[in-house]
Amino acid sequence: MFFSVIVPVYNVEKYLNECVDSILSQTFTDYELILVNDGSKDNSGAICDEYAEKDNRVKVVHKENGGLSDARNAGNAIAQGEYVVYIDSDDYVDGNDFLENIYEKAKTGADIICYKFKKYFEDSQSFSKCDYAFPDLQKHNTLAERINYLVKTNSFYCSAWSKSIKFSLLKENNINFEKGLLGEDQEWYYHVLLKAKFIDGIDKDYIVYRQRANSITTSWKMKNLTDCIYVVDKWQKQVSEAEIDDEYKNALLNSIGKLYCNLLIGYTVFKDKNKKQYYSKLKDLSFLFKYNLNPRVAMFSKLYRLAGFDMTMLALKFICRIKG
């Protein structure tokens with residue numbers, strides 16, 4: 001089959017039907033759907049089995065709870081498609097031509113095919129418009145130029161569920177998700193980027209990204225902070241030392257500069273007095289301000305050059321307080 005669609009499942013009986021139905025309704029039918037029941041305690045596992053009984057494209061893996069990374073890795077282990085698509089089980093696909101359009105893009109041989117998302121706020125039952133547009137990547141020849149343009153136009157995202165990946169790239173380079181991380185997508189994506197040769201994009205918001213109250217993506221914990229610091233620090237070192245051309249190296253460091261500024265914002269709004277112990281580490285990473293192709297990073301960088309790190313963080317705290 002052409003696609004392996006991998007859906008990690010954990011205690012999502014309320015949302016699972018909508019997610020799975022949105023995949024099974026695709027006009028392009030040459031795919032397998034791998035549902036990985038990650039030790040659910042509700043009725044999710046039974047729902048997965050019901051789909052497998054009705055549709056032979058659906059495969060179910062039942063395993064002990066190991067977290068999102070472990071569930072995706074379990075899906076990878078049995079996947080047989082040429083391209084892999086990750087969908088989170090509380091999200092869903094808006095548009096039955098989703099796989100059809102990825103298939104058309106894949107004819108170019110792209111290693112990475114990105115697409116957009118929109119947020120659905122469960123409390124208010126409302127959608128937010130996608131706040132970025134994919135640039136015409138065809139106007140840019142090299143991978144470095146394309147990554148730079150994504151970073152510059154605020155279209156660079158590390159989320160695994162907003163892109164399809166050529167599966168041979170993952171298999172041949174033994175790329176999986178690091179278990180135990182809350183920022184596993186960021187860590188994973190830089191492995192992919194170091195091995196990729198070609199990236200393309202679809203300018204349509206296919207993924208509906210559900211915003212649930214108290215989900216791991218809407219409520220920060222200390223581990224979110226420490227994991228983000230770990231990822232930024234790890235990959236700025238590995239990219240700097242990687243045996244890749246300087247143009248691409250700088251493009252990846254520009255993307256990490258964007259992650260660094262997002263980390264500073266997260267640190268600022270995170271309310272935990274124990275976070276102060278990580279302030280010096282954030283300060284040590286302030287050299288990443290020089291990779292300022294992204295407009296937000298450029299603004300931070302200018303303030304940093306004028307006033308230093310401490311004043312930059314004070315200004316950021318003031319700005320975040322005003323914005324609420």
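# Close-up views of a predicted model

**View 1. N11, a residue with positive phi in a loop.** N11 lies in the loop between β1 and α1. This and every other view here shows a predicted model. The phi angle of N11 is near 50°, a positive value in a residue that is not glycine. If you colour by accessibility, expect N11 to come out as partly exposed, at 29% relative accessibility.

**View 2. Q125, a second residue with positive phi.** Here we turn to the loop between β6 and β7 (126-128), where Q125 is found. Phi of Q125 is near 50°, again positive in a residue other than glycine. Is Q125 buried or exposed? With a relative accessible area of 63%, Q125 is exposed.

**View 3. D90, a buried acidic residue in a loop.** The loop between β4 (83-86) and β5 holds D90. D90 has a relative accessible area of 13%, so the residue counts as buried. Which residues does D90 contact, once neighbours within four places in sequence are set aside? They are V12, Y15, R210 and R212.

**View 4. Helices α1 and α2 and their contact.** Helix α1 (residues 16-24) and helix α2 (residues 44-54) have axes that come within 11 Å and cross at roughly 25°. The two helices are therefore roughly parallel, since angles under 35 degrees count as such. The crossing of α1 and α2 is right-handed. On the α1 side the contact uses L16, N17, V20, D21 and L24, and these meet S44, I47, C48 and Y51 in α2.

**View 5. The buried residues of α1 and what covers them.** Staying with α1, its buried residues are L16, C19, V20, S22, I23 and L24. An α-helix has 3.6 residues a turn, so residues three or four places apart point the same way. What covers the buried residues of α1? The cover includes β1 (3-9), β2 (31-38), α2, β3 (58-63) and β5 (92-93).

**View 6. Helices α5 and α9 side by side.** The axes of α5 and helix α9 (residues 246-269) are 8 Å apart, and the helices pack at an angle of about 20°. That angle makes α5 and α9 roughly parallel to each other. Their crossing is left-handed. From α5, the contact is made by L143, A144, E145, I147, N148 and V151, while α9 brings E247, Y248, A251, L252, N254 and S255.

**View 7. K249, a buried lysine in α9.** Helix α9 also contains K249. At 15% relative accessibility, K249 counts as buried. Not counting residues up to four places away in sequence, K249 touches V239, S240, A242 and I244. How far apart in space are the C-alpha atoms of K249 and A144? They are 7.9 Å apart, although the two residues are 105 residues apart in sequence.

**View 8. Aromatic rings around Y209.** A pair of aromatic rings is described by the distance of the centres and the angle of the planes. The model has 27 aromatic pairs. One of them joins F117 and Y209, which are edge-to-face at 5.8 Å centre to centre, with 90° between the planes. F117 is in strand β6 (residues 112-121) and Y209 in strand β9 (residues 199-211), so this pair ties together parts that are 92 residues apart in sequence. F117 is buried, with a relative accessible area of 8%, and Y209 is buried too, with 14%. Y209 also pairs with W161: the ring centres are 4.6 Å apart and the planes stand at 35°, so this pair is tilted. W161 sits in the loop between α5 (143-152) and β8 (163-166), and its pairing with Y209 in strand β9 therefore ties together parts that are 48 residues apart in sequence. Like Y209, W161 is buried.

**View 9. An aromatic cluster and two charges over rings.** Y86, F156, F177, W188, Y189, Y190 and W235 make up one aromatic cluster. Which charged residue sits over the ring of Y86? R72 does, with its charged end 5.7 Å from the ring centre. Over the ring of Y189 sits the charged end of K163, at 4.4 Å from the ring centre.

Definitions and conventions: Residues are numbered from 1 along each chain as its sequence is written. This is a predicted model: local features need pLDDT of at least 70, side-chain atom pairs count only at pLDDT 80 or more; totals for chains, interfaces and linings use all residues. Side-chain values use heavy atoms; hydrogens and water are left out. Rings of Phe, Tyr and Trp (its six-membered ring) pair if their centres lie within 6.5 Å; planes under 30 degrees apart count as stacked, over 60 as edge-to-face and the rest as tilted. Helices (H or I, at least four residues) and strands (E, at least two) are DSSP runs, numbered from the N terminus. Buried means under 20% relative accessible area, exposed over 50%, partly exposed in between (1.4 Å probe, protein chains only). A charge sits over a ring if NZ of Lys or CZ of Arg is within 6 Å of the ring centre and within 35 degrees of the ring normal. Axes are lines fitted to C-alpha atoms, for helices over the stretch in contact, and angles run from 0 to 180 degrees between N-to-C directions. Angles under 35 degrees count as roughly parallel, over 145 as roughly antiparallel, 65 to 115 as roughly perpendicular and the rest as oblique. A crossing is left-handed if the near helix is turned anticlockwise from the far one by less than a right angle, and right-handed if clockwise. Contact means heavy atoms within 4.5 Å.
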